[in-house]
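Work through the exercises below with the model open beside the text. Try each task before reading its solution.

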Amino acid sequence: MFKCLYEGGHDHEQIEDTYTLTLFYLAQAYTKLGLKDKAAESCGRTLQRQHTTGKYDLKEFVTNLIGLAEYYQGNKFFAQAQYLLMLALKAIPEGKKIKLRATVQISIGNLIAELLDFGSARIHHGDIHEGDDSVVSKQILLFNEFDQAFPQVKLPQNIEDCKSLFRQANTQFKKALEVFVLDGYVTEHIEVLFSQSRLYRSLELLEKSS
């Protein structure tokens, strides 16, 4: 093998593609072993390399960005999750793949809704600590080729902050509902309506305690 490399028997592009594929397999292997942090790292590096080379299926690429965002969201790294979802939106050509774009918008809405849930519960219980923003705003993974700034995410400190998050999430859900209409997309439509009701419950918790 080393002789072939030395003599130019393997081209650089093929080696790079093989390395990307190896990272993909590592992500799957780590997932099977329950090593979620390592799986997320390998998945992120795979997506970075795919985007750099431009060798990816758009739907699969966006779906994997959503999945990785959900992992970081589950660990309260909301800024990192939002960044990945913003990249997913940016990867979709304007006016194309409207259902895929709506799916990303639902994920963004759910992310903001969870941030609202988390923040409103803290406010309700008086459990607000300095330094908590360092967790939700943590930067782990960047795609340098994308012209996309890393978002600044802060936990809500009062009911007005929560209302702002409510409006942001609801805007994303409304956009998705324009695509996933009841006549034709019953399952998706109902799921979005359920997510919207979750927003109202979060605000109701604060209004009852104020």
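**Exercise 1.** In which helix is the place of H51? Then decide whether H51 is buried or exposed, and list its contacts beyond its sequence neighbours.

Solution. The model is a predicted one.
- Step 1: H51 has its place in helix α3, which covers residues 36–53.
- Step 2: The relative accessible area of H51 is 16%. Buried means under 20%, so H51 is buried.
- Step 3: Neighbours within four places in sequence are left aside; H51 is then in contact with Y56, F61, F143, E145 and F146.

**Exercise 2.** Describe the secondary structure and the overall extent of the chain.

Solution.
- Step 1: Count the elements. The chain has nine helices and zero strands.
- Step 2: Write their order along the sequence, which gives α-α-α-α-α-α-α-α-α.
- Step 3: Read the extent of the C-alpha trace along its principal axes, about 75 × 45 × 35 Å.

**Exercise 3.** What share of the residues is buried, and what share of the accessible surface belongs to carbon and sulfur atoms?

Solution.
- Step 1: The chain has 210 residues, and 38% of them count as buried.
- Step 2: The accessible surface is about 12400 Å², with 54% belonging to carbon and sulfur atoms.
- Step 3: Turn to the contacts with a separation of 6 or more. Residues 24 or more positions apart account for 68% of these contacts.

**Exercise 4.** How many aromatic pairs does the chain have? Examine the pair of Y72 and F77.

Solution.
- Step 1: The count comes to seven aromatic pairs.
- Step 2: In the pair of Y72 and F77, the ring centres are 6.4 Å apart and the planes are at 45°. The pair is tilted, because planes under 30 degrees apart count as stacked and those over 60 as edge-to-face.
- Step 3: Check the exposure of each partner. Y72 has a relative accessible area of 5% and is buried. F77 is at 18% and also counts as buried.

**Exercise 5.** Which helices does the aromatic pair of F78 and F118 link? Compare the exposure of the two residues.

Solution.
- Step 1: The rings of F78 and F118 lie 6.3 Å apart, centre to centre, with 35° between their planes, and the pair is tilted.
- Step 2: F78 is in helix α5 (residues 78–91) and F118 is in helix α6 (residues 98–125). The two residues are 40 residues apart, and their pair links distant parts of the chain.
- Step 3: F78 is buried, at a relative accessible area of 1%. F118, at 28%, counts as partly exposed, because this class lies between 20% and 50%.

**Exercise 6.** Which residues form one aromatic cluster with Y71, and over which rings do the charged ends of K76 and R201 sit?

Solution.
- Step 1: Y71 forms one aromatic cluster with Y72 and F77.
- Step 2: K76 has its charged end over the ring of F118, 5.0 Å from the ring centre.
- Step 3: R201 has its charged end over the ring of F194, 5.7 Å from the ring centre.

**Exercise 7.** Locate E188 and state how far apart E188 and D11 are.

Solution.
- Step 1: E188 lies in helix α9, residues 186–209.
- Step 2: With a relative accessible area of 29%, E188 is partly exposed.
- Step 3: In sequence, E188 and D11 are 177 residues apart; in space, they are 46 Å apart from C-alpha to C-alpha.

Terms used. Residues numbered from 1 in each chain as written. Predicted model: local features only at pLDDT ≥ 70, side-chain atom pairs only at ≥ 80, totals over all residues. Heavy atoms only, no water. Helix = DSSP H or I, 4+ residues; strand = E, 2+ residues; numbered from the N terminus. Buried < 20%, exposed > 50% of the residue type's maximum accessible area, 1.4 Å probe, protein only. Contact = heavy atoms within 4.5 Å. Areas by Shrake-Rupley, 256 points an atom, 1.4 Å probe, with all protein chains shown as cover. Phe/Tyr/Trp six-rings, centres within 6.5 Å; stacked < 30°, edge-to-face > 60°. Lys NZ or Arg CZ within 6 Å of the ring centre and 35° of its normal.
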